[in-house]
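This report describes selected features of one protein model.

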Amino acid sequence: MSTARNYIAKELYRATLVVLLALIGLFSFFTLVDQLDTVNERLPLSSLLYIEMLALPTRTYELLPIGVLIGAVLALAGLAQRNELVILRVSGVSATRLLGMLWMACIPIIALAIVLSELITPAAEIRYSEANLVLRGKVEGGRLISGYWFREPTDSGGSRILNIGELLSSGEVAKLKIYEIGPNNRLQQFSEAQRGVFEDGGLKLFNVTDNRIDDDTLSALGEGTPPTEPVMVVSREQTRPLSTSLTPARVVARIATPEKMSMLTLLDYIGFLQANNLDATRQVVAVWRKLAYPFTLLVMLTIAAPIAYMQTRRGGIGAKVFAGILTGTLFFMLGQLTLNMGLLYQWQPIVTALAPNVLAFVLALGALLGMERRFQWPKKAHQTMPQKAGGAA
């Protein structure tokens, strides 16, 4: 059966590659057309094409499950149209065994998906953000009007809130505001810096203005008596080091979509959020979704198997491809709906990530087993008829 498995794998790879190239080209074309109105002196057409090229790895990663689904439908429908599926069934290959062959053939595709997820896509996303920052003057992601906000504990038992106004293409940060809060939840110091550079495990600040608030300020204001010392002392420094747990990777994690980050970066950012008592539910769900991604590819093949087993006289390859596209679209919508509902109603991350896959897998496998029993029923009935005739004789 190795010959049949290799043949099916070859057909699957060929069809999936064609479908994936078509989908990537189609989505890239429409995205490019939609962005043509942004072309100007600062963003020429060549730069826009460069940005779209940087988005190709992410787009490939996102479209791979649908490409596998439609490619598998095309490959199996072609086998059915050439009566090769009938030959396999006569040779003793059941529907479940055929599904096992498809799963074995999917192993290289899963390996490609892991390389895309952990190496190519995160690197391309960083370059994509940098290109948007340089050419368009903005970045996409979790940015408020006031900039990017971070919180971390300090050695004195208090906390520090950092506000980064801008991310520079050189990897530096600019327009920083730093709020030092003491253990009693009182603001002790407010600092501003023109820019900062990550080096030596910390942040080096430039053109710093410190506003230190005296500890007796609150009591003096409450009692209405003039303080003996100034309530605020302002000092300026050209450079000052800041010991912080913030790193360039964590800054990038703040603006990147969690699913587009590597697993190591994502886990590091989750640890950073949890250490600072911040909500990391979205990132934890992203971890489970990344872990479930290989299973998603197997689910796509499981869905494709019963679609390809539809009788050709009820619809040709076009009908099967349409059914595959419709099923893939419904699966994608179900996944997004489950993600949003899970975050809204605080479902368990594993439920939010795996519920669509498990539901689709059970339904597709049940449909495949039902078709297999229907194909085997006439054969069993034909085998029992001569025995009944002999008994009557």
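Arg 250 and Asp 268 form a salt bridge, in which the closest N and O atoms are 2.9 Å apart. Arg 250 belongs to helix H8 (residues 248-255) and Asp 268 to helix H9 (residues 263-275), so this pair ties together parts that are 18 residues apart in sequence. The model in which this pair is found is a predicted one.

Asp 268, with a relative accessible area of 32%, is partly exposed.

## Other salt bridges

How many salt bridges does a search of the whole structure find? The search finds 16 salt bridges. One of them joins Glu 180 to Arg 160, with the closest N and O atoms 2.8 Å apart. This pair links distant parts of the chain, since Glu 180 is in strand E3 (residues 173-181) and Arg 160 is in strand E2 (residues 159-167), 20 residues apart. Both residues fall within the buried class: Glu 180 has 17% relative accessibility, and Arg 160 has 9%.

A further salt bridge connects Arg 82 with Glu 84, and here the closest N and O atoms are 3.2 Å apart. Arg 82 counts as partly exposed at 41% relative accessibility, and Glu 84 counts as partly exposed at 22%.

## The nonpolar cores

In soluble globular proteins, nonpolar side chains tend to be buried together. In this model, the largest nonpolar core has 51 residues. The residues with the most contacts inside this core are Leu 64, Leu 98, Leu 297 and Ile 303. Several helices give two or more residues to the core, among them helix H1 (2-35), helix H3 (56-81), helix H10 (281-308) and helix H12 (349-392). Helix H3 gives the most, with 11 residues.

Leu 64 touches Leu 20, Ile 109, Ala 113, Tyr 293 and Leu 297, when residues up to four places away in sequence are not counted. A second, separate core has 30 residues, including Ile 164, Val 173, Ala 253 and Ile 270.

## How helices H3 and H10 pack

Two packed helices are described by the angle between their axes and the distance between the axes. For H3 and H10, the angle is about 25° and the axes are 8 Å apart. H3 and H10 are therefore roughly parallel to each other, because angles under 35 degrees count as roughly parallel. Their crossing is right-handed.

Which residues meet where these helices pack? On the H3 side they include Tyr 61, Leu 64, Val 68 and Ala 72. On the H10 side they include Tyr 293, Leu 297, Met 300 and Ile 303.

## The surroundings of Lys 204

Lys 204 is placed in strand E5 (residues 202-213). With a relative accessible area of 30%, Lys 204 is partly exposed. Leaving aside residues up to four places away in sequence, Lys 204 touches Arg 195, Gly 196, Val 197, Glu 199, Thr 239, Arg 240 and Pro 241.

Lys 204 can also be compared in position with Glu 172. These two residues are 32 residues apart in sequence, and their C-alpha atoms are 9.9 Å apart in space.

How values were computed
Residues are numbered from 1 along each chain as its sequence is written. This is a predicted model: local features need pLDDT of at least 70, side-chain atom pairs count only at pLDDT 80 or more; totals for chains, interfaces and linings use all residues. Side-chain values use heavy atoms; hydrogens and water are left out. Helices (H or I, at least four residues) and strands (E, at least two) are DSSP runs, numbered from the N terminus. Buried means under 20% relative accessible area, exposed over 50%, partly exposed in between (1.4 Å probe, protein chains only). Contact means heavy atoms within 4.5 Å. A salt bridge is a side-chain nitrogen of Lys or Arg within 4 Å of a carboxyl oxygen of Asp or Glu. A nonpolar core is a set of buried Ala, Val, Leu, Ile, Met, Phe, Trp, Tyr and Cys residues joined through side-chain atoms within 4.5 Å. Axes are lines fitted to C-alpha atoms, for helices over the stretch in contact, and angles run from 0 to 180 degrees between N-to-C directions. Angles under 35 degrees count as roughly parallel, over 145 as roughly antiparallel, 65 to 115 as roughly perpendicular and the rest as oblique. A crossing is left-handed if the near helix is turned anticlockwise from the far one by less than a right angle, and right-handed if clockwise.
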